[in-house]
Amino acid sequence: MQHRPNILFLMSDEHRFDTAGFAGNQVVRTPNLDNLAAGGIRFDNAYTPSPVCIPARQCLMSGQLPKTCGCEGWIDLAPGYRTFASDFSRHAYNTVACGKLHHIGKDMLQGWTKRINPDADLAQEHIDGLLADEVRRYTPAPGTGKWSNQREVEEARPGDGPYQSFDRQTITGTLVFLEHYFRDHMYNRPQAHRPLLLKVSLKQPHYPFFCPEELFSYYLDRVPFFHERPCDHPVLSQSQCCHPVDVSPALIRRATAAYYSMIETVDSHLGAILGQLAEVGQDLDDWIVVYTSDHGDMMGQHGIWEKTRFYEGSVRVPLLVRYPRRFQGGSTVTANVSLCDLYATLCDLAGLPIPEGLDSRSTVGLMSGSEAGWDNEVVSQFERTHVMIKRNALKYQYYGSHGPEVLFDLARDPGETTDVSLQPGYAEMMRGFRARLARLGHGPEAELNYRNAGYRSRTADHAQG
């Protein structure tokens, strides 16, 4: 019987799609990611199902959009919810997660059978018998708790913050695990007789903007940075998470330099993992290696910081898949794909059945060079009322009562500066997007019997192959 492939799933937090060497960025140094891209397949138009950490990660795990899995906000999956980790566990994989998963509900494993250096912070509302009055007594005073975006930028500097420490511990735990799993010189009881799904998830380059002094000094005078005024749309012009930022170009440059430094740090950490696999005798050509991030960061573009917006800087993510035994390296997929699609893709590559009811499509056909049967659509959602649908180069956005619809034509306007929703030449496209919005269970004509996005897990072309 053929042995199922080992899988290494590498993930960062808040990595912009365009801040990597393989994406054409000439300033940031990402040699390990660049090598993965050169030997693998790069997805140029990969999108998060939600441009904020918690729902994005729940959707990634469940292969479902926020409305389908019930995570339309900062909400965790229900305990015992089906995830790709639980599916792989059922098929005898050793499923190990190291680092950040950002689960805040009672089910801290979500199908993983082992966790290393977990970020296991249970949301307080899940405590049985919670005394709400007592909790309210300790509500943070103004100026404490989470920093505003303004202060995040003002505080950008060389330094060793909590995320840097967490990531070092995550990498140390991963390296020790790999040594014991594949060699275990002390007890001589390696576990490699079963296939492994290992997910390593780092917290950087998520703010706060702290980084090593030597990297900060290297990038400070080299980084490009955004210093733009926001548009006049009531949602796209501001951040609902924090107050708008009003800082000098010098401070923006410092924050950008720290962000680039953290990306290089992430790349170094990933290189350590890949090096350890080689050290313990693994041939990476036999492995499926994935790299992605949960969402991007606006970094001051369009006057916005953090995420939560459907601008490319926030909603578009890097995505690499390397599997030389099956796919020729160095190719690029330009079709629109979602992080939700990784569920079906990993099942397909490992020879596992793809569950019904997912908002996940296998990208194996795309990686083989065929777009036949691919609908070229991605959907993203922020909370209950903000929805993005991108089809081909057109990106439609719905904001309910919070603001008017928006349509960007990225083929003509990659900088997303011109709303074409009211232009006569786009009237038919707008009608099509509104109809699709309704089928997705959103908008004034929302279908009340919505169950899922209605995707096929495999294209007909691929299923026959």
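In the predicted model, Ile389 stands opposite Tyr396 in strand 14. Strand 13 (residues 386-391) and strand 14 (residues 394-398) run antiparallel and are joined by five bridges; two strands pair if DSSP finds at least two bridges between them. Helices (H or I, at least four residues) and strands (E, at least two) are DSSP runs, numbered from the N terminus. Residues are numbered from 1 along each chain as its sequence is written. As the model is a prediction, local features need pLDDT of at least 70, side-chain atom pairs count only at pLDDT 80 or more, and totals for chains, interfaces and linings use all residues, while side-chain values use heavy atoms, with hydrogens and water left out.

An open sheet is formed by four strands in the order 12-13-14-15, with antiparallel pairing. Strand 12 (377-382) and strand 15 (406-409) each have a single partner strand and stand at the edges, so one side of each is left without a neighbour in the sheet. Neighbouring strands of this sheet are turned by 15 degrees against each other on average, direction ignored. Axes are lines fitted to C-alpha atoms, for helices over the stretch in contact, and angles run from 0 to 180 degrees between N-to-C directions. Helix 13 (residues 427-439) lies across strand 12, strand 13, strand 14 and strand 15, at about 55 degrees to strand 14, contact meaning heavy atoms within 4.5 Å.

Helix 11 (residues 341-350) is mostly covered, ten of its ten residues being buried (under 20% relative accessible area, 1.4 Å probe, protein chains only). Among them are Asp341, Tyr343 and Asp348. Just after helix 11, Gly351 takes a positive phi of about 80 degrees.

Conventions:
Buried < 20%, exposed > 50% of the residue type's maximum accessible area, 1.4 Å probe, protein only.
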